[in-house]
Amino acid sequence: MAAIEQQIEALVDSILLDYQKGRDIDRIDHTQHPDKDVIVDMTAKLMRILYPGYSLDKTYRIYNAKHNLSMLIEDVMYHLNQQIGRVLPATDAERLSIAFMEQLPQIRAMVQTDVDAAFAGDPAATNAEEIIFCYPGLYAISVYRLAHVLYGLQVPMIPRIMTEHAHSLTGIDIHPGAIIGDHFFIDHGTGIVIGQTTVIGSRVKIYQGVTLGGLTTRGGQSLRGEKRHPTLEDRVTVYANATILGGQTVIGHDSIIGANAFITAPIPPCTTVTNQDQQLNLKQRHCDGCSKKM
């Protein structure tokens, strides 16, 4: 046996021995947890059900709405049932898969309000088609709305895989446990964080870089089940890079939170919050461009 082959065999034996320590990272039976690749593919197919005219399965030579939808739903049902069955008993998996799929019309109704909010709130949008095709905020919200239903059905892990996949694509991190009302608009979106116990009312608009987070995580698992994230009431607007923290922090309806604000206490309704502590300091200097204009 060549020296390199001996080294590889010794390394394999060493790592296999390391797998026997019983730690969380030592699990090697991949059938005991969901398959991330399958869930990502399933999420894409669910998006095709939500927005049927905005994607095309190129394996279909002839498009027939009923036939293709039937195949799509059957495919999603099979894989969803299989993946839930990896984390819950098989009898629960089938029941929960059906319960989830039955909610798709209601989910579609909600995402239509999100499309409407994006078009109404962004003068740069030329039509709804542009929003559906191009806006990362709508994609993240749509995946969240799917995952939130699974989360409400107490399906473990799968909802997080779905929203974290959307997070990886868009830079928008929405926990599936958050409660978000209709007509939700995320403008631009990159860097947004919406924590697990956040509650957002109807017709809320938030911009890039906004954090709706916990005031502290020092308590670790002892904080499980407590409301750690803020509440935004109806028709609140939160501008770029604002940070709103804490489970007792309620932003009253029709309030406007200015850019870069840092808030850890309740804000009354119909209030405009601006950050006036930071001032721009301007110091003019001479440069080559000025000389050329003279």
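Let me begin with a definition: a residue is called buried when its relative accessible area is under 20%, exposed when that area is over 50%, and partly exposed in between, with a 1.4 Å probe and protein chains only. By that rule Tyr54, at 27% relative accessibility, counts as partly exposed.

What you see above is a predicted model, in which local features need pLDDT of at least 70 and side-chain atom pairs count only at pLDDT 80 or more, while totals for chains, interfaces and linings use all residues. Residues are numbered from 1 along each chain as its sequence is written, and side-chain values use heavy atoms, with hydrogens and water left out.

I will turn to the aromatic rings. A pair of aromatic rings is described by the distance of the centres and the angle of the planes. Here rings of Phe, Tyr and Trp (for Trp, the six-membered ring) pair if their centres lie within 6.5 Å, and planes under 30 degrees apart count as stacked, over 60 as edge-to-face and the rest as tilted. How many aromatic pairs does a search of the whole structure find? The search gives 3 aromatic pairs. One of them joins Tyr54 and Phe133 edge-to-face, with 5.2 Å from centre to centre and 70° between the planes. Helices (H or I, at least four residues) and strands (E, at least two) are DSSP runs numbered from the N terminus, and in those terms this pair links distant parts of the chain, since Tyr54 sits in the loop between helix 2 (36–50) and helix 3 (65–84) and Phe133 in helix 6 (residues 128–134), 79 residues apart. Phe133 counts as exposed because its relative accessibility is 55%.

Another aromatic pair, that of Tyr207 and Tyr239, is stacked, at 4.8 Å centre to centre and with 20° between the planes. This pair, too, links distant parts of the chain, with Tyr207 in strand 6 (residues 205–207) and Tyr239 in the loop between strand 9 (237–238) and strand 10 (243–245), 32 residues apart. Tyr207 counts as buried, with 14% relative accessibility, whereas Tyr239 is partly exposed, with a relative accessible area of 34%.

Next come the strands, where two strands are said to pair if DSSP finds at least two bridges between them. There is an open sheet of 5 strands, in the order 3-6-9-12-14, and the pairing is parallel. Its edge strands are strand 3 (185–187) and strand 14 (272–273), each of which pairs on one side only. Strand 12 (residues 256–257) and strand 14 run parallel and are joined by 2 bridges, and Ile256 stands opposite Thr272 in strand 14.

Now the salt bridges, each being a side-chain nitrogen of Lys or Arg within 4 Å of a carboxyl oxygen of Asp or Glu. The structure holds 9 salt bridges. Among them, Asp75 and Lys45 have their closest N and O atoms 2.7 Å apart, and because Asp75 lies in helix 3 and Lys45 in helix 2, the pair ties together parts that are 30 residues apart in sequence. Is Lys45 buried or exposed? At 15% relative accessibility, Lys45 counts as buried, while Asp75, with a relative accessible area of 24%, is partly exposed.

Asp254 and Arg235 also meet through their side chains in a salt bridge, at 2.8 Å from N to O. Asp254 lies in the loop between strand 11 (250–251) and strand 12, and Arg235 in the loop between strand 8 (231–232) and strand 9, so this pair ties together parts that are 19 residues apart in sequence. Both count as partly exposed, Asp254 at 30% relative accessibility and Arg235 at 40%. Salt bridges that share partners also join Asp18, Lys21, Arg23 and Asp26 into one network.

Finally, a word on the cysteines. If a disulfide is taken as a pair of cysteine sulfur atoms within 2.5 Å, the count comes to 0 disulfides. Cys134 is exposed, with a relative accessible area of 53%, and Cys270 counts as exposed at 55% relative accessibility.
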